[in-house]
Amino acid sequence: MWQLSFLLSLIPNWLIAILVNGLIIVGLVGVSAGWIARWVPYFNLYRGPIQLIGIVCLVLGVYFKGGADVERAWRERVAEVEARLAVAEQKS
(Lines give C-alpha, C1' and ligand atoms only; values in the text may rest on other atoms or scores of the structure.)
Protein backbone atom coordinates (compact mmCIF):
# COMPACT_ATOMS: atom_id res chain seq x y z
CA MET A 1 0.00 0.00 0.00
CA TRP A 2 2.92 2.35 0.59
CA GLN A 3 3.72 2.16 -3.13
CA LEU A 4 0.40 3.81 -3.94
CA SER A 5 1.06 6.55 -1.40
CA PHE A 6 4.50 7.09 -2.89
CA LEU A 7 3.10 7.38 -6.41
CA LEU A 8 0.42 9.82 -5.25
CA SER A 9 3.04 11.97 -3.57
CA LEU A 10 4.72 12.47 -6.95
CA ILE A 11 1.59 14.05 -8.46
CA PRO A 12 1.45 17.85 -8.07
CA ASN A 13 -1.40 19.38 -6.06
CA TRP A 14 -2.78 21.36 -8.99
CA LEU A 15 -3.18 18.22 -11.12
CA ILE A 16 -4.97 16.37 -8.33
CA ALA A 17 -7.32 19.33 -7.87
CA ILE A 18 -8.11 19.48 -11.60
CA LEU A 19 -8.82 15.74 -11.81
CA VAL A 20 -11.01 15.64 -8.71
CA ASN A 21 -12.97 18.77 -9.62
CA GLY A 22 -13.38 17.45 -13.16
CA LEU A 23 -14.83 14.22 -11.81
CA ILE A 24 -17.30 16.17 -9.67
CA ILE A 25 -18.32 18.31 -12.66
CA VAL A 26 -18.80 15.23 -14.85
CA GLY A 27 -20.97 13.71 -12.12
CA LEU A 28 -23.10 16.83 -11.82
CA VAL A 29 -23.52 17.08 -15.59
CA GLY A 30 -24.45 13.38 -15.79
CA VAL A 31 -27.05 13.65 -13.03
CA SER A 32 -28.48 16.82 -14.58
CA ALA A 33 -28.55 15.28 -18.06
CA GLY A 34 -30.32 12.22 -16.72
CA TRP A 35 -32.91 14.42 -15.04
CA ILE A 36 -33.45 16.53 -18.16
CA ALA A 37 -33.61 13.41 -20.36
CA ARG A 38 -37.18 12.78 -19.24
CA TRP A 39 -38.46 15.35 -21.69
CA VAL A 40 -36.29 14.48 -24.71
CA PRO A 41 -37.82 11.55 -26.60
CA TYR A 42 -34.71 9.83 -28.02
CA PHE A 43 -32.45 10.77 -25.12
CA ASN A 44 -34.94 9.22 -22.68
CA LEU A 45 -33.72 5.73 -23.66
CA TYR A 46 -30.32 6.39 -22.08
CA ARG A 47 -31.60 8.15 -18.98
CA GLY A 48 -30.89 5.32 -16.52
CA PRO A 49 -27.26 4.61 -17.49
CA ILE A 50 -26.44 8.32 -17.71
CA GLN A 51 -27.85 8.98 -14.25
CA LEU A 52 -26.09 5.94 -12.81
CA ILE A 53 -22.72 6.94 -14.26
CA GLY A 54 -23.29 10.53 -13.09
CA ILE A 55 -24.09 9.44 -9.54
CA VAL A 56 -21.05 7.14 -9.42
CA CYS A 57 -18.78 9.92 -10.71
CA LEU A 58 -20.25 12.39 -8.23
CA VAL A 59 -19.80 10.06 -5.26
CA LEU A 60 -16.25 9.15 -6.30
CA GLY A 61 -15.42 12.81 -6.88
CA VAL A 62 -16.61 13.84 -3.43
CA TYR A 63 -14.75 10.91 -1.85
CA PHE A 64 -11.53 11.78 -3.68
CA LYS A 65 -12.00 15.46 -2.83
CA GLY A 66 -11.84 14.55 0.85
CA GLY A 67 -8.76 12.42 0.28
CA ALA A 68 -7.09 15.17 -1.75
CA ASP A 69 -7.76 17.70 1.01
CA VAL A 70 -6.19 15.38 3.58
CA GLU A 71 -3.19 14.85 1.30
CA ARG A 72 -2.82 18.61 0.82
CA ALA A 73 -2.99 19.19 4.58
CA TRP A 74 -0.27 16.60 5.19
CA ARG A 75 1.94 18.13 2.49
CA GLU A 76 1.55 21.57 4.09
CA ARG A 77 2.37 20.13 7.51
CA VAL A 78 5.50 18.42 6.16
CA ALA A 79 6.61 21.65 4.46
CA GLU A 80 6.11 23.53 7.74
CA VAL A 81 8.16 21.01 9.71
CA GLU A 82 10.91 21.06 7.07
CA ALA A 83 11.05 24.86 7.30
CA ARG A 84 11.35 24.70 11.09
CA LEU A 85 14.05 22.03 10.74
CA ALA A 86 16.03 24.22 8.32
CA VAL A 87 15.86 27.12 10.78
CA ALA A 88 16.98 24.87 13.65
CA GLU A 89 19.89 23.55 11.57
CA GLN A 90 21.02 27.11 10.78
CA LYS A 91 20.94 28.05 14.46
CA SER A 92 23.02 25.05 15.47
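This is a predicted model: local features need pLDDT of at least 70, side-chain atom pairs count only at pLDDT 80 or more; totals for chains, interfaces and linings use all residues.
W39 has a relative accessible area of 57%. It is classed as exposed because this value lies above the cut-off of 50%.

## Largest pocket

The largest pocket holds about 430 Å³ of space. Its lining is made of 16 residues, of which L8, I16, F64, G67 and A68 are the closest to the pocket centre.

Three helices, α1 (2–9), α2 and α3, each give at least two residues to the lining of the largest pocket. The largest share is that of α3, with 6 residues. By residue class, the lining of this pocket consists of 12 nonpolar, 3 polar and 1 charged.

## S32 in helix α2

Helix α2, one of the contributors to the pocket lining, also contains S32. The relative accessibility of S32 is 38%. S32 therefore counts as partly exposed, since the value falls between the limits of 20% and 50%.

S32 and E89 are 57 residues apart along the chain, and a distance of 55 Å separates their C-alpha atoms.

Notes. Residues are numbered from 1 along each chain as its sequence is written. Side-chain values use heavy atoms; hydrogens and water are left out. Buried means under 20% relative accessible area, exposed over 50%, partly exposed in between (1.4 Å probe, protein chains only). On a 1 Å grid over the protein atoms alone, a cavity is a set of points where a 1.4 Å probe fits but cannot get out, and a pocket is an open set with protein on both sides within 12 Å along at least five of seven lines; lining residues have an atom within 4 Å of a point. Grid points are joined across faces, edges and corners, and a volume is the space filled by probe spheres set on the points. Helices (H or I, at least four residues) and strands (E, at least two) are DSSP runs, numbered from the N terminus. Ala, Val, Leu, Ile, Met, Phe, Trp, Tyr, Cys and Pro count as nonpolar, Asp, Glu, Lys and Arg as charged, and the others, Gly among them, as polar.
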